[in-house]
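Visitor: Hi, I have a few quick questions about this protein. Could you walk me through it?

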Amino acid sequence: MIRILVCEDYAEVSRRAADIVAAQLSGKPDSVLGFATGSTPEGMYAELARDCGEGRISFARACTFNLDEYYPISSDAPCSYRRYMEENLFSRIDIDPANTHLPNGLAEDPEAEGKHYDEMIAAAGGIDLQVLGVGRNGHIGFNEPDEVLILGTHCTKLTPSTISANSRFFASEDEVPKRAMTMGLGTIFGAKHIILLATGAEKAEPISHLLAGELRTDCPVSLLNLHPDVLLIADRAAMGE
């Protein structure tokens with residue numbers, strides 16, 4: 001079921017999303033949270049860091065699992081998603097670093113790493129609240145448009161459009177890794193609740209497929225229609241308004 005919250009702008013999307021994460025922590029301080037990277041959730045992370053700094057929420061008992069990480073890449077590389085999370089959130093809140101998890105971007109055996117990551121999520125009790133963004137081509141995590149989509153965490157090739165979109169975080173497009181470790185659709189769908197953040201006119205097309213009730217492997221976000229509890233938080237541009 002897709003519920004929709006339409007916001008006026010990016011700032012409101014960020015604040016509303018942060019409020020939902022805060023409410024999850026208030027109701028269950030030891031929540032398992034699924035986090036995303038990219039430019040869309042940065043505002044939400046800033047709001048959460050402010051809330052934590054002002055004592056309104058605490059991550060002290062929380063546990064986090066990120067959707068993805070580039071492959072191959074070291075965790076301390078400037079453009080790694082581990083570095084992104086440290087800079088945007090983890091270093092600014094009271095979370096135990098041992099309770100923050102991302103796929104290993106230097107795993108010698110990516111297949112074994114994917115199975116291990118899913119086992120860790122299961123051992124933690126599953127993800128209570130998963131935050132998702134959506135790519136311009138409709139990907140969620142790094143589940144790219146394809147004829148076949150994979151259920152578990154796995155290593156995948158990135159499409160040229162995703163490499164181009166992510167090049168803004170690197171010195172050049174040539175430096176963007178061509179592969180990534182990502183939660184699969186089955187892992188994502190195991191979350192009890194999902195919030196999907198979408199901002200900007202470039203997200204209007206994949207959101208239109210989602211809201212049309214379509215199920216398309218060439219637009220993975222549309223498969224969220226199969227999940228029982230999804231809240232779309234979007235600005236008017238992403239809604240095509």
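Guide: Happy to. A term to start with: a pocket here is an open set of grid points where a 1.4 Å probe fits, with protein on both sides within 12 Å along at least five of seven lines. Bear in mind, too, that this is a predicted model.

Visitor: Good to know. What volume does the second largest pocket have?

Guide: The second largest pocket comes to about 200 Å³. It has 14 lining residues, and Glu144, Asp146, Val148, Thr156 and Lys157 are the closest to its centre.

Visitor: And how does that lining divide by class?

Guide: In the second largest pocket, seven lining residues are nonpolar, four are polar and three are charged.

Visitor: OK, now the largest pocket. What is its volume, and which residues lie nearest its centre?

Guide: The volume of the largest pocket is about 460 Å³. Its lining is made up of 27 residues, and those nearest the centre are Val134, Gly135, His139, Asn166 and Arg168.

Visitor: Which element gives the largest share of that lining?

Guide: That would be helix 5, residues 160-166, which contributes four residues to the lining of the largest pocket. By class, this lining holds 13 polar, nine nonpolar and five charged residues.

Visitor: Switching topic: I'm curious about His101. Where does it lie, and is it buried or exposed?

Guide: His101 sits in strand 5, which covers residues 100-101. His101 counts as buried because its relative accessibility is 17%, and the cut-off for buried is under 20%.

Visitor: So what is His101 in contact with, neighbours within four places in sequence aside?

Guide: With those neighbours set aside, His101 touches Cys63, Thr64, Phe65, Asn66, Arg82, Tyr117 and Met120.

Visitor: How far apart are His101 and Phe170?

Guide: In sequence, 69 residues separate His101 from Phe170, and in space their C-alpha atoms are 23 Å apart.

Visitor: How many bridges link strand 4 and strand 8?

Guide: Four bridges, with strand 8 spanning residues 179-182 and the two strands pairing in the antiparallel sense.

Visitor: And which residue of strand 8 stands opposite Glu69?

Guide: Opposite Glu69 you'll find Met181 of strand 8.

Terms used: Residues are numbered from 1 along each chain as its sequence is written. This is a predicted model: local features need pLDDT of at least 70, side-chain atom pairs count only at pLDDT 80 or more; totals for chains, interfaces and linings use all residues. Side-chain values use heavy atoms; hydrogens and water are left out. On a 1 Å grid over the protein atoms alone, a cavity is a set of points where a 1.4 Å probe fits but cannot get out, and a pocket is an open set with protein on both sides within 12 Å along at least five of seven lines; lining residues have an atom within 4 Å of a point. Grid points are joined across faces, edges and corners, and a volume is the space filled by probe spheres set on the points. Ala, Val, Leu, Ile, Met, Phe, Trp, Tyr, Cys and Pro count as nonpolar, Asp, Glu, Lys and Arg as charged, and the others, Gly among them, as polar. Buried means under 20% relative accessible area, exposed over 50%, partly exposed in between (1.4 Å probe, protein chains only). Contact means heavy atoms within 4.5 Å. Two strands pair if DSSP finds at least two bridges between them.
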